[in-house]
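Q: I would like a close look at one part of a protein model. Please walk me through it in short steps.
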Amino acid sequence: MERLRHDDPPRLGPYLTLARLDADSTGGGAVPERRYLARTADGERTVLLCAPLPDAAAPAAWAVEAELASRLSVPRFLRPASQGSEAGLPWYAVPYTPVLPLPAALAAHGGPLPEDLVRRLGAALAAGLAAAHARGQAHAGVSPAAVLLGAAGPLLGCFGAVRSAAPGGRPGLDPGCLAPELRSGGRPEPLGDVFALGAVLAYAASGHTVPEQSELPPGLRRLLASCLARDPADRPSAPQVLHALSTTGPARTPAPAPAPAPAATPAATVLDEQAPPPLPGRVVAALAAQSAELLASELPAAPPARPAPQKVH
């Protein structure tokens, strides 16, 4: 949680803003939208509240993307539950659960994430993208800041950030996540999402969206290089990325064979929705701290009531 700034709206629709979700400088590139933790005036509902950037050239286009996201039911995509407009500023809200943007998770962890966790996160995100691509829909906003980590696994927000950006300018979008064809003005396509996913996984594993090969775990170098290929035809599809991440893994020293045990339930896999990727202890602690701080937050004081006009005799 970050303190509100002077230019942040105190209220959007029925929600009073309490804090920012994102820090001003996250080390993972800018965020293509404003994100707040907010609550209704009666204190009954707490939400993650999103709005376009103050200098967004096309807030109406942002609202169109939010409407499209609300009609999609895709695993791992953040889905708006309500939306509206306040003084010409569009917004959407989703019920609050403790989440950290990927840059904040790396900051809490103290550096890049372990390779096994990067693979699990990548598999979950690739599964969501594969489902969207099968419907002919590109996410067009995949970046480190768009990935929200929580106890139930990762979610992808910032839907349609590329499509809603004004031509020639994409404020808040990490340039390392923009495929070459998008930088030259091309339309967002599924293979552009794959490029961005490769950049996100490179960031999770190294702290940079455009790292040196030596900064990446050896077991991920070949896959990420293919995702980041300049020519879209040389990139794998999202299902192929999912397959590569879920069928291979970092080299491990073989463990001694365990003693025979009674029959048990099958081990969870990266595709098991009931077994989200286990998060590092410091990331879990940061999520708990966010939740506790939010619970302790007091609603902003209501503006004083105007005195009733006095009759003049």
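How do the axes of α3 and α8 cross, and within what distance do they come? Please also show what surrounds this pair.

A: Note that this is a predicted model. Start with the two helices. The axes of α3 and α8 come within 8 Å and cross at roughly 155°. Angles over 145 degrees count as roughly antiparallel, so α3 is roughly antiparallel to α8. The crossing of α3 with α8 is left-handed. In general, two packed helices are described by the angle between their axes and the distance between the axes.

Now look at who touches whom. On the α3 side, the contact is made by Arg 119, Gly 122, Ala 123, Ala 126, Ala 127, Leu 129, Ala 130 and His 133. On the α8 side, it is made by Ala 238, Pro 239, Val 241, Leu 242, Ala 244 and Leu 245.

Three strands form an open sheet in the order β7-β8-β9, and the pairing is antiparallel. β7 (100-101) and β9 (153-156) stand at the edges. Each has a single partner strand, so one side of each is left without a neighbour in the sheet. β8 and β9 pair over 4 bridges in the antiparallel sense. Find Leu 148: it stands opposite Leu 155 in β9. Helix α3 packs on this sheet and touches β8 and β9. The direction of α3 makes about 40° with that of β9.

Now widen the view to the core. The largest nonpolar core has 48 residues. Leu 102, Leu 113 and Leu 156 touch the most other members. Several elements each supply at least two residues of this core, among them α3 (115-134), α8 (238-247) and β8 (147-150). α6 gives the most, with 10 residues. In soluble globular proteins, nonpolar side chains tend to be buried together.

Zoom in on Leu 113. Leave aside its neighbours within four places in sequence. Leu 113 is then in contact with Leu 102, Leu 106, Val 118, Leu 121, Ala 204, Ala 205 and Pro 280.

Another core, of 14 residues, lies apart from the largest one. Its members include Leu 18, Leu 21, Cys 50 and Ala 66.

Methods: Residues are numbered from 1 along each chain as its sequence is written. This is a predicted model: local features need pLDDT of at least 70, side-chain atom pairs count only at pLDDT 80 or more; totals for chains, interfaces and linings use all residues. Side-chain values use heavy atoms; hydrogens and water are left out. A nonpolar core is a set of buried Ala, Val, Leu, Ile, Met, Phe, Trp, Tyr and Cys residues joined through side-chain atoms within 4.5 Å. Buried means under 20% relative accessible area, exposed over 50%, partly exposed in between (1.4 Å probe, protein chains only). Contact means heavy atoms within 4.5 Å. Axes are lines fitted to C-alpha atoms, for helices over the stretch in contact, and angles run from 0 to 180 degrees between N-to-C directions. Angles under 35 degrees count as roughly parallel, over 145 as roughly antiparallel, 65 to 115 as roughly perpendicular and the rest as oblique. A crossing is left-handed if the near helix is turned anticlockwise from the far one by less than a right angle, and right-handed if clockwise. Two strands pair if DSSP finds at least two bridges between them.
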